[in-house]
Amino acid sequence: MLIALAPVALFLPISPIEKCGLIASLIMVLVVELLNSSVEAAIDRISFDHHDLSKRAKDFGSAAVMLTLLIAALLWIAICVPLVMHS
């Protein structure tokens with residue numbers, strides 16, 4: 001997503017701070033996804049056995065990724081929709 005949308009953000013007719021916001025939102029998705037992957041790897045390293053706390057930790061990591069994607073999507077919509085409406 002970062003590789004596909006970062007160039008789009010750079011070429012949009014918006015202010016530099018809006019470009020930074022769009023790209024930063026994409027980077028934040030990547031950061032949270034890396035943290036989620038590290039939590040899952042650590043839990044899997046400890047044990048592959050089913051445990052409620054392990055499941056909760058993995059679910060919370062996935063929820064964090066989903067919320068970060070939602071924030072990024074809302075930011076992109078808030079900045080790009082007015083561009084399309086005024087074109």
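Biologist: Where does phenylalanine 48 lie?
Modeller: In this predicted model, phenylalanine 48 is in the loop between α2 (16-46) and α3 (52-85). Helices are DSSP runs (H or I, at least four residues), numbered from the N terminus.
Biologist: Is phenylalanine 48 buried or exposed?
Modeller: Phenylalanine 48 counts as exposed because its relative accessibility is 74%; buried means under 20%, exposed over 50%, partly exposed in between (1.4 Å probe, protein chains only).
Biologist: And asparagine 36, buried or exposed?
Modeller: Asparagine 36, in helix α2, is buried, with a relative accessible area of 6%.
Biologist: What is asparagine 36 in contact with?
Modeller: Leaving aside neighbours within four places in sequence, asparagine 36 is in contact with Lys58, Gly61, Ser62 and Val65. Contact means heavy atoms within 4.5 Å.
Biologist: New topic. How do the axes of α1 and α2 cross?
Modeller: The axes of α1 (residues 2-11) and α2 cross at roughly 170° and come within 9 Å. Axes are lines fitted to C-alpha atoms, for helices over the stretch in contact, with angles from 0 to 180 degrees between N-to-C directions. The two helices are therefore roughly antiparallel (angles over 145 degrees; under 35 is roughly parallel, 65 to 115 roughly perpendicular, the rest oblique).
Biologist: Which residues of α1 make the contact?
Modeller: Leu2, Leu5, Ala6, Ala9 and Leu10 of α1 do, with α2 residues including Leu22 and Leu26.

Methods: Residues numbered from 1 in each chain as written. Predicted model: local features only at pLDDT ≥ 70, side-chain atom pairs only at ≥ 80, totals over all residues. Heavy atoms only, no water.
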